[in-house]
Amino acid sequence: MDQFTLNLIFVGATFAIYIGIAVWSRAGSTAEFYAAGQGVHPIANGMATAADWMSAASFISMAGIIALAPTGGYEQSAYLMGWTGGYVLLAMLLAPYLRKFGKFTVPQFIGDRFYSNGARLLAVVCLIVISITYVIGQMRGVGVTFSRFLEVSTDMGLYIGATIVFIYAVFGGMKGITYTQVAQYVILIIAYTIPALFISLSLTGNVLPQLGLIGNYAPGGGDVAFLTKLNQVVTELGFREYTSDTTNRLNMFLFTLSLMIGTAGLPHVIIRFFTVPKVADARSSAGWALVFIALLYTVAPAVGSMARLNLTTTMWPSAITANAVDGPAVSRADIDSKPELSWIRTWEATGLLDIEDKNGDGLIQYYNDKAPADHPITKLAAERGWKGNELVKADNDIMVLANPEIAGLPGWVIALVAAGALAAALSTAAGLLLAISSAISHDLIKGSIKPDISEKDELMAARIAMTFAIIVSTWLGLNPPGFAAQVVALAFGLAAATIFPALMMGIFFKRVNKQGAIAGMLVGLVFTAVYIFIYKGWFFIPGTNNLPDTAEHYFFGISPLSIGAVGALVNFIVAFAVSSFTEEPPKEIQAMVESIRIPRGAGAATQH
């Protein structure tokens, strides 16, 4: 059976499962649409939360950026540390208290806690900006996956993915999305780990990738540590040592912090904790989510490292057992004729991989043509007449998807990865779209414009809002401002600077009032968004950036991906300053804050 047919079978079967679940669990009330009737079991909610959170950025892009980053794999481990650490913050500091509050949405909590419709509306604006930014990355992931595995254009892939999301998200709401995400988690974790097991076994002799990463390199005889071999190969070709330390510790710290507090402030993740029956279940489901997330996140560093070595040894076959440049580079003739190199041809067709024989010698020399003049590879390039790096483009987003093909794994594994990538992208896209929908229908329309709207009309408004959000996100996905993990990181920065401080102050600081909260969110949003737009383009429109998106142009070396942590600090400072110069919140609001933090039924302490 050919690869295209296998891809169709695997992807088609998973889509049929999603649509079947949506039909079975169609939401019939606003409670089911927004919060699945608050009857989801903690384990199922933990699995759905993991799928909701492990997006295209986690599945497709994260290992790719770890693999191919010019700064080395260690610096990019900030994605792993930030996203995982953020989930601990969410489980410990926010989830139980927000579930105890007992409402459907984050803006509803902010509006009630800060006794202000203006605060609620501002939270709606922040939520929409964050969610739209985030969903761009998911749509890009869908397009990349479809363009390769179903052999359609990236744009057509976006349209197909948007249609599938429309069917199961618009009709099923949170109830349909929750049970669909349980199925999507099972699919994506199997699809991610099975290729990793095969590749780890072939490269290190260890079936577990986590052990393979710290094991020995099997094809070389098993005498050299795997990471030592990887460092040797990449430095020989002029790249930075794969395990080298960061050159900008401040930026790495701020980036990790931005991802952490951004995770704890993501609206589409937070609303998952409104779906469980009890407050204790919110903490329990957060714990289960961490377990399910760890199954992928402990494998990702190995996937990235092994992908980089497999790519390099493909371009330089001699690197498998000796030095890379001891033998010739891979030839264009081999790429065009050998079945095991057909993956290069298929990815070239997508435009995400580009090869150019610049010196016309029939070989494809992959090396760092920007290495220092005194580096051996620079001198060797001059001696042999190389005209520059001939692997012109290798998109970060292809590494996980191409990994099974590079490693020569069976066709069914390749098809499984395609299904898993789509599951990851679609599960998060659905959660984001639901967050946007509930913000518009429940917080904007019911909360401000038409408080007396009937439940039937509100449900219709929610579905119309989600349809509109799907159309907008699909359009934006056609021209994303970066690869999937970058776009998602921008969304985390915006969440860090706006929603997270408001939630933290709302739960733990009775003195913060509506004036302070509104001022903090507004300044945090504007500060962070403007800094991002200066480098990424205004409203992500290509060509409208004021400064090049390069390290030498960053203020104090802080990248747009890291600015969310600074925005959060600005938010806190402004909120506390404004609150200290204005009146205290009403007594009933302060009492509400106390009641959220204190376990229900707890009595006063007694002396013994």
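This is a predicted model: local features need pLDDT of at least 70, side-chain atom pairs count only at pLDDT 80 or more; totals for chains, interfaces and linings use all residues.
Me: OK, and how many residues does helix 23 have in total?

Reply: Helix 23 covers residues 499-508, so 9 of its 10 residues being buried comes under the under-20% cut-off. That makes the helix mostly covered.

Me: What about Thr528, buried or exposed?

Reply: Buried, because its relative accessible area is 0%. Thr528 sits in helix 24, which runs over residues 514-536.

Me: Which residues does Thr528 touch, if you skip its neighbours within four places in sequence?

Reply: Thr528 is in contact with Gly493, Leu494 and Ala497, and also with Ile563, Gly564 and Gly567.

Me: Switching topic. How many cavities of 30 Å³ or more are there?

Reply: The count is 1. The largest cavity holds about 60 Å³ of space.

Me: What lines the largest cavity?

Reply: Phe59, Ala191, Tyr192, Pro195, Ala196, Ile199, Val303, Val400, Asn403 and Val417. Two elements give two or more residues each, helix 9 (154-204) and helix 19 (399-406). Helix 9 has the largest share, with 5 residues.

Me: And how does that lining divide by class?

Reply: There are 9 nonpolar residues and 1 polar, with no charged ones.

Me: Now the largest pocket. What's its volume?

Reply: About 1400 Å³. The pocket is lined by 46 residues, and Leu68, Ala69, Pro70, Thr71 and Gln76 are the ones nearest its centre.

Me: Which element gives the most to that lining?

Reply: Strand 2, with 4 residues. Other elements supplying at least two include helix 4 (56-68), helix 6 (78-101) and helix 15 (300-315).

Me: Backbone next. What is phi for Tyr115?

Reply: Near 40°, which is positive in a residue other than glycine. Tyr115 is in the loop between helix 7 (106-113) and helix 8 (117-149), and it is partly exposed at 23% relative accessible area.

Me: Where is Phe556, the one with a positive phi of about 55°?

Reply: Phe556 is in the loop between helix 24 and helix 25 (563-580). Phe556 counts as exposed, at 76% relative accessibility.

Me: Last topic, how many salt bridges does the structure hold?

Reply: There are 7. One of them pairs Arg249 with Asp245, with the closest N and O atoms 2.5 Å apart. Arg249 is partly exposed at 49%, and Asp245 is partly exposed at 38%.

Me: What does Arg332 pair with?

Reply: Arg332 forms a salt bridge with Glu348, and their closest N and O atoms are 2.9 Å apart. This pair links distant parts of the chain, with Arg332 in helix 16 (residues 332-337) and Glu348 in helix 17 (residues 342-350), 16 residues apart. Asp336 joins in too, as Arg332, Asp336 and Glu348 are linked in a network of salt bridges.

Me: And which residue does Glu594 bridge to?

Reply: Lys510, with the closest N and O atoms 2.9 Å apart. Glu594 lies in helix 26 (residues 587-597) and Lys510 in the loop between helix 23 and helix 24, so the pair ties together parts 84 residues apart in sequence.

Terms used. Residues are numbered from 1 along each chain as its sequence is written. Side-chain values use heavy atoms; hydrogens and water are left out. Buried means under 20% relative accessible area, exposed over 50%, partly exposed in between (1.4 Å probe, protein chains only). Contact means heavy atoms within 4.5 Å. On a 1 Å grid over the protein atoms alone, a cavity is a set of points where a 1.4 Å probe fits but cannot get out, and a pocket is an open set with protein on both sides within 12 Å along at least five of seven lines; lining residues have an atom within 4 Å of a point. Grid points are joined across faces, edges and corners, and a volume is the space filled by probe spheres set on the points. Ala, Val, Leu, Ile, Met, Phe, Trp, Tyr, Cys and Pro count as nonpolar, Asp, Glu, Lys and Arg as charged, and the others, Gly among them, as polar. A salt bridge is a side-chain nitrogen of Lys or Arg within 4 Å of a carboxyl oxygen of Asp or Glu.
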